[in-house]
Every structure is written in structure tokens, then in C-alpha cells.
Amino acid sequence: MIEQGFLKKHFVGRDGFIWWVGQVVKESEWVVNHPGNRTPTTNDHKGFDYRYKVRIMGYHPEEVTDADLPWASIMLPVTAGSGARGSSCSPALSQGDFVYGFFLDGEDAQTPIIMGIIGNNQYVSILKSPSQSIFLPFSGFTNRDTVPRYALPLENEDGKAKQQTNPESSKPTTNKTVIESNVGLEGRTEGASKQQMDEGKRKIPLQRTSDCEPVPLSKIQTAIKNLIADIQKIRKSASDWKTKVSTKINNIETQIKKKIDDAAGYITGGIKWLITEVKKYITNKVNDTLKDTYYAIFPNQRPKLKEVVEKSNDLIACLFRKIISNLLKMVGKFLLEAADKFINTPLCAVENFVGALVGKLTNLITSALDAILAPIKAILGVFDLADGILSFVIDLLSFLSCDEKPKCAEIKEWSIWDGPSNLPSIDLSSLVGKVTSFANSAKESINPDNFDFDLDFSDVFQDTCNVGALFCGPPNVEFFGGGGSGAAGNAIIGAAGNILGVDIIAPGSGYTESPFVNFVDPCGKGRGAVGRVRINSRGEVDDVVMEESGYGYLTGPDGSRGGDGRVFAEPGDTIVKRSDGKYDLPYSAGDIINLLPGDEVQSCSRASYTVLEAGTIIAPYCADTIPAVSDTDLPLNDEGKYPVVLEIKDIYISDPGFNYDKNDIVVVSEGDVDLTIDVDDVGSVTKVTVNRPGIGFKNIPTIFIESDTGYNAKLIPVFNVKRIGSPTQEEIDKSLSADYITVVDCVGKFNV
């Protein structure tokens, strides 16, 4: 060793190259060394360089404290710059990182240089805090950091295998606290993406003229749906891991109140115009009628009449100011109650609310007007105006019943994730009927000297509209626009949860251009499917080209329940509807539930039952203590399913590409398929001939052209759907049974 020391040249590289692997220790030991800003002078200052404390394997055992470790400098790439000419680069090392490098001073091992970093393996268990044991992976986030939601996994994997700490240490470890790998696992989700998806799927109602929608029921429906989704998400954040990770909520009640106020303001704007029109009608009617009678009375009565008319006009103006100012409070009151009683929001529920609001206000205005106009009646003898208010309101609501319909946009909603969508058409006759019913049955009265009032909406929730949780299942296929109507079909779902095509049940009629198609997932589990509708010369829907097949769609009911594009309860959860119609948040297996007479309980996808006596139950473990759920327990049995076999019908040319040769070979990723192409003068694909269609597809095959010269052609297969009846029929070739796909008949049989 002495001889070797004498032989050293003390030049880097001349005495050999000694490399090492180590781990950056906790940040508190080295962060003070990092400069915060450029140095204005060469005087001593806090922060020497981007240097780190690194514990190196084989050199620094546990006995060496973190503070006693030598400083390790950084080897920067030539593209980073040293700081000369203003060029610089900040390293991105964090505590817990495993790095490698070499010793600048060779075997003396006192001047380590960091050359590179070893990325975290996506399967590794990460400790939340540094361990007393050395060389265990721990989080790069310190307790002072705010962890971004893109680094927070939705799956709490604390129950998996854990890294072992020093046996003498009683300090607990928390694994999988954050995602700290630059390689994501397939299917692994985190909080930011979920929040982005939730916000992106949020429907935004598009503005429509009053000619197209005199009462904006569709906007009100969307506002209520969004509100209920927001409130349930806020409330679930108090107990649900995934919701808490993806949602930042500081004060639950404050957030709920803000959401209700925002929605109430939005909905009030849609009703306010109708109240304003009624005010104009009454004011004009009063003044026009009095113009005809003013000179018909005795002259000595005219000053008194003028006085009472002026007072009446003031009271009418005051009445409507009070109504409009109270409108926000009344709508908010309804929304607060609806948030506890609605899980999904069908249009009939919105009709009930708007019908009750308008009908009760009409009754209230009529009652107040009778009292306000009483002094005028005393002078004139007969002055009947109140009876015409309901007729005027009905005329306003029936504005669309005229023979000549205005041209209205076919797209009513938009979301970033799902794109354009339509809403159910408004049944004005139904709305008018509900307004009339509530106006005639309401018993509201008002004192013209005191305009304080409130409206009771308890009777709105007694209607038979199904606002409860529905079983989640396959998507519904919705056609809209194109000038026609009547088209219907069932989505064909592959084993991977993607949509392979649409089995057209009814082609519809009258289409002058291709309609839009939406795949409406009742619980929002599936996403991303995009279809293009093709029509034939008879104005019927011929088929749907799946430009994007999407993912996550259910092939059948899975036991989860929800509505309005979101999941309310997971499979195995217990749902409790209280006797007053309010829903509790779902109970997980093992939760204790206190019940009262009249409460309704639904567990394990079974039929609900009503509680007769007060008591306490434990939410059941469906898989362990109750037999497996059969199709007969779900809202769909085998009568609502049928098997199909898929073969390639033709090829849709989404992009013809260029520079192809007609002799180029078309390759299909699966199936016994033979395709040939025709090209034009510039080598763009003009036609794809199906020489052999193949059969029994369960996925959408990838089709590409092997070519030495061609580029960018995109070819999409369109399937011919063959319904074959029951798979138990003897004439069905059993050897092909594996090629069947079971389709759920959602057209009229699986109503979600």
C-alpha cells in the first residue's frame, strides 16, 4: 500500500477510475448549500454550489452520520453550461434518489462526483420518510412540501409488501404515498387526472334563443346534474380515499353553499325572463284598461282613481321586485333538498320543479293582484284582471306550438371529453299541464302591505320520476340531428371494454345528412368512443364507423349504481334511502347502519326492502356472506341479450394517405382477411376491396399498408353484424361458439 501511494501520479485518470453507487440523503442535510440566486459578489455567502450529501455503498456505513458525509458535486452535460456567458442548468436531484459517479481523488474517496441518476422502478415501495436503515428507497417529497395531485395515486396500497426498517426502530412506515417513477403503470391513475376527467366530462349547456326554448329546461337540467355531482363529490371527500385524493376541499359546508348559490343564480336567470314578461303584461293590462274607463266615471271620482292607480302600480312593481329577489332563495331551497334526494336527474324531475315554481308563483301573483287591485274595483265596480294571468303564462310556455318552427341548433351541450351531445326534447304540453295543476292547487296568499313570502316544494318530490340510483350497464346509443328521426341501435362491446360497432335495430327515416351519434354511459365508466354515422339513399341510418373505440365500457350490469354519468355506489355497497326521501352516502361492507321505520335499504344488487322496526344492521359483505349475484337479481336477464358474430363489411378510408402503389400489401392484424387497394395518380387510397371478410372478430383489428413509398393511410374496418339467435340452437356450429359476442339489448329493454 505504501508502495502504491508512492507510485500515484495525483492526476485524474492516471491513477485509475473508481466509480460508485450511492443514495442522496435527506434534504435537510444539504439544501442549505444550494444557492438561491446568482451571486452578486465573490464574497462568502450562503450557498456554495449545487452539491449534495451522498451515502455511498461500501464506503459509508451506518456509523457515519449524514452530516459527516463528504460533499458530492455534479457533472453537468455540455448542453447545460457552466454559468459562463449566462448559460446554466439546475439539477433536479431529490432526497432518496440513487445516483452513481466516480471519485475525483481516486482511492482517497473524499471528492465524489455525481455522473447520473438511476430512475425509480414503478413497482418499488417508497417510504414516506427517511428510514433509520440505510439504502432504503424513500420519498423525494419532504414534510414541508405540498404534494401535487398528479403524484398522489388513487389506490391506497399500504396493505402490500413493505420495505423493512431497522428492527430496533418503532417508527412506522407508510408505503406508496406518492407516485415517484417517471414510468407509469398501465391502468394506474392519480388524483390530477381524475379531477381533470371529472371537470372535462362536465356538460356545458350552449346558449339557445327563447324561440327555440322559451323555458330553458335543458340548461336547468344540466345545472342540477352538475350541482348534485359536485355536492356528492364534496361529501364523499370526507370518507372516500379516491375522492379525497382528487379533490381539494377545505370546508365542506362552505363549499356546498357556494355550489348551491352558483347553481341557483344560473337557474334563476332562466326563469327571471318569464316573471319579467308577466310583470309587463300586468302593467300594460292595468294601464290600458284604465285608459278606457278613466273618462267614463264621474269627474269627482277621477282624482281618487288616479291616486289608487298610482299606488297600485307602485305595489305591482314592488311585488315583482320582491319575487325576483326571493327567486334566488327559493331556487336555492329546492336545490338543497334535491341534492339529498336526487341521484340522477331525468327531465321529468326538472319539469316538476319548473312547473311547481311557475305554477305557485302564478297563484301567488294572482292572489296578490286581487288585493292590490281591490281599491280600483271599489271605484269602478268591475275590474277583473287576475284570471288572465295563468292564460298568459300558458301562452308564453306554448310559444313553440305554432305551425312554423324556428331553425334551432341540434347540439345543446358540450364537454371537453365527450364533445357535443343532445338533450331530450321538451314536452311543452306536459310542462303546461304541471304549471296549471300547481297553480290551481296552490294555496299561497300574500298581503300587499307585507310582501314577505316563501314557497313550499315538498310536493314536487312526491312525483313518480325515478331520481334514485340506477344500475350501471352498457352505453346507450343515441342518434340526433340530420333532419330525421327514429334510428336506434345497440353498442357491441368487446372484452377490453371498447365499442366495436353498433347493431342497428331501427334505421329511422327522413335523414338528409348524417346524424350525430353519442354513446351515453349511464355511470360514466366508459369514455373516448367516437362514431361516424353513414346513411343510405333512402334517408336511413346504414351503419356506424368507429373512428375511436374508447375504453372502460361495461358489457353488462356489474352491480354498481349511479346516474347522470357518474357512479354513486360501487358493487357491494349498501344504499339507504331515508323515509323523507333523502339518500345517505353509500355504506361499505362492515359499516354500521342505524335504521328507522320507513327507511329503504338496498344491498348486494338485490331488491330493496322497507324497514318496519328501528334497529341497527351491518352493511353485508356481498361476496362472502351472500350467494353470488345472478342475472335475475339485476335489471336484465338473458331475454335482454343476444349473440352476434362480426365479419368485416367494408373498409372506411379515414385518411387516404399518398404515394402508395396498388400492388402494396394490406396487412390485417388478426383474422383470415384479404384486402386489396385502388389508388389514384398521387398514390392516395381510393377504394379498399374486401376479398375475404374474415369472421368472429372480438376486437377491432389494426389495418395498415406495407409500402416502401406510401405514407399516412388510415383504414378503419366496419363490421357486418350477424345475429344468430340463441347460442343453444343445435344448428349453430359449436366450433364457432368462442367467436360470439353477447350484446345487451338496450333499446327499450334495459332502461338506464
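Here are some notes on salt bridges, one hairpin and one surface patch in this model.

1. Before you zoom in: this is a predicted model, where local features need pLDDT of at least 70, side-chain atom pairs count only at pLDDT 80 or more, and totals for chains, interfaces and linings use all residues. Residues are numbered from 1 along each chain as its sequence is written, and side-chain values use heavy atoms, with hydrogens and water left out.

2. Salt bridges overall. The whole structure has 18 of them, a salt bridge being a side-chain nitrogen of Lys or Arg within 4 Å of a carboxyl oxygen of Asp or Glu.

3. Helix α5 (residues 252-293) holds one of these pairs, Lys258 and Asp262, four residues apart, about one turn of the helix. Helices here are DSSP runs of H or I with at least four residues, strands are runs of E with at least two, and both are numbered from the N terminus. The side chains of Lys258 and Asp262 meet at 3.1 Å, N to O. Asp262 is partly exposed at 44% relative accessibility; that label covers the range between buried (under 20% relative accessible area) and exposed (over 50%), using a 1.4 Å probe and protein chains only.

4. Look next at helix α6 (residues 302-341), where Lys341 and Glu337 are also four residues apart, about one helical turn. Their salt bridge spans 2.7 Å, N to O. Lys341 is buried at 10% relative accessibility, whereas Glu337 is partly exposed at 22%.

5. Arg566 and Asp564 make another salt bridge, at 3.8 Å, N to O. Arg566 counts as buried, with 13% relative accessible area, while Asp564 is partly exposed at 25%. There is also a network: Arg534, Asp542, Asp543, Lys649 and Asp650 are joined by salt bridges that share partners.

6. Now the hairpin. Strands β25 (residues 674-679) and β26 (residues 685-692) pair antiparallel over six bridges; pairing takes at least two DSSP bridges between two strands. Asp674 sits opposite Arg692 in β26. Five residues lie between the two strands, and Gly683 in the turn has a positive phi of about 80°.

7. Finally, the surface. Phe17, Trp19, Met75, Tyr100, Met115 and Ile118 make a nonpolar patch of about 630 Å². Patch residues have over 30% relative accessible area and no salt bridge, with like charges joined within 9 Å and nonpolar side chains (Val, Leu, Ile, Met, Phe, Trp, Tyr) within 5 Å. Areas come from the Shrake-Rupley method with a 1.4 Å probe; for residues, only the protein chains shown count as cover. Ile118 belongs to strand β5 (residues 112-118) and is partly exposed at 40%.
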